[in-house]
Structures are given as C-alpha cells and as structure tokens.
Amino acid sequence: MHGTAATPEEAWGWGYERQLTADGYGWCDVRLPDRALGDFVTASQYAVFAARKAYRRSGRKVALVGHSQGGAMVLWIAKFWPDVARHASDVIALAGPLHGTTVANALCAAGTCATVAWQLRQGSLTTDALSNAPVPRGPKITSIATSMDELITPQPYAGQGNGVHSVLVQDVCPGHVVEHGLLLGDRVGYALVRDAVDRRGAAQARRVDRSVCNGQTLPQADLVGAAGFASTVANFLTGLADPLTWVDHEPALPAYAARYAR
C-alpha cells in the first residue's frame, strides 16, 4: 500500500515489484483514492478490499506491506478487520507513522490543514485509536524505519507501536544513508522485509546478512523509472498545500475506532 500523494507505479513499480518478481514472489498493489491525499479512514476500506482479494486469489495467507501512510494503514486494517488479520502472515510498515508525525502537527499548527494531515498528527484521534486498539493475534508485526527520515518524525518513536517490533535500517548497517522516499528502493530495508516474511517472528536486524551494507539500491531496481517518484513529491507538496482542501478539524472516527481514541 503506497503512501501519501503516491500511486502504485511511483511507489513500487520501479523497485519492489521488479525485485519481488525476480525473487519468486507473487504480489499485488493497491491504488488508494485521490493519491491517498483524502480521508485516511475512507482509504482504509480500499485497503481492506484489496487484502481480502489478495487472500482469495492466492489461497493462502498474505503479507501486508505499506510505505509511509500505507504503513499506518496496514496496521489499521489488521487491527480493525479480524478477517484481514486472520488471513495475514505479516504486517510490515516501511517508514510508517504508527505514532503519527510531527510534520503533520506543523502543517496543522495554524488551525486548518488537509484532512489526512489532521489524522496523521501525533496525538490525533486517528493515531490514538491506532495505538490503543488491541494487537491482533496471528500476524507478525514489523515496523522498518530509518533514523534519517525527514517526514515521519521523530525517529524512532514515530515508527513504534504497542505489540510492534521496530527496527531501523541503521541497526543492520550503522551510518546507512537513506531517507523517507528512498527507503522504497533501499537494499537494507528490503532485506528486513524478506527476513520478516521468510523467517519466524518479526524482522530481526541480527539475522540480516551484512553484505547488504555493500549496496544501496535493489539489484532489480529501474533507476530511470525511479524518476517517476518525483511526481509523488510534486503531488505531496501541491496536494497538501491546496487551501481548497483544508478543514479546521479532524473528522470524527467511525464507531469501531472511536472507542479507542482519547
């Protein structure tokens, strides 16, 4: 599941999808509405539909992987839809704002901002519900982040959560340089995803072969295609900066989540 302002092609098409195919995995991606610039809770229903369809088509448990907003969303749907959790082997957040992000707090500091910014603030009703809802039994839950993330802040707190095993790429390769967007093509981050999916328990830095520290990008990455991520950046800036989309409060949560908010 892609992040804010992205599309599946921009987030996954040039890196993960090529690498997963080369490594023998089946995959499907999710196209969230309005480039995930709208309501987080509404978009989560698309994610639920996709997770169910992936399970039905594969006939076995699936791993749910999300980047940025998508990282929070995979945990949200696993917590609030029991059948999604039951049919998931892993829930993996890449640079996910599991505790929200202070960048969203800054965007909303004047009292008006985009709906999704309200929802992904630290201390919002949405992030409170995500943090407080019970951890589902069954799937292994991993949060993979980078200490150099400029959008999901502060690290490592922003990527942590109750019942979530959190790991930084720098735990594998100290001093490894990778920021928020580049984590989508990062060799170390991918190795942690593979470790979570292929082995028992959540991802463990100690189990990852340190040879991954010798490279930066995924072997199968299309670096020319990666330039398409520039469109995500442009839409992120223009989408969140459009005052026509701003509101002056966070939307009320649906009943299933509201009871876990403050």
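This is a predicted model: local features need pLDDT of at least 70, side-chain atom pairs count only at pLDDT 80 or more; totals for chains, interfaces and linings use all residues.
## Helix α8

Let's start with α8, which spans residues 125-132. Of its eight residues, six are buried, so the rest of the structure largely encloses this helix. If you want to pick them out in your viewer, the buried ones are Thr126, Thr127, Asp128, Ala129, Leu130 and Ser131.

What sits over them? The cover includes four other helices: α3 (40-58), α4 (69-80), α7 (115-119) and α12 (255-258).

## Serine 68

Next up is serine 68, found in the loop that links β1 (62-67) and α4. Is this residue buried or exposed? Its relative accessibility comes out at 9%, and buried means under 20%, so serine 68 counts as buried.

Setting aside residues up to four places away in sequence, serine 68 touches Gly3, Ile152 and His180, along with Leu94, Ala95, Gly96 and Pro97.

## Arginine 187

Arginine 187 belongs to helix α10, which covers residues 187-198. With a relative accessible area of 27%, arginine 187 is partly exposed.

Which residues does arginine 187 contact, once neighbours within four places in sequence are left out? They are Val212, Gly215, Gln216, Thr217, Leu218 and Pro219. As for proline 243, its C-alpha lies 38 Å from that of arginine 187, and the two residues are 56 residues apart in sequence.

Methods: Residues are numbered from 1 along each chain as its sequence is written. Side-chain values use heavy atoms; hydrogens and water are left out. Buried means under 20% relative accessible area, exposed over 50%, partly exposed in between (1.4 Å probe, protein chains only). Helices (H or I, at least four residues) and strands (E, at least two) are DSSP runs, numbered from the N terminus. Contact means heavy atoms within 4.5 Å.
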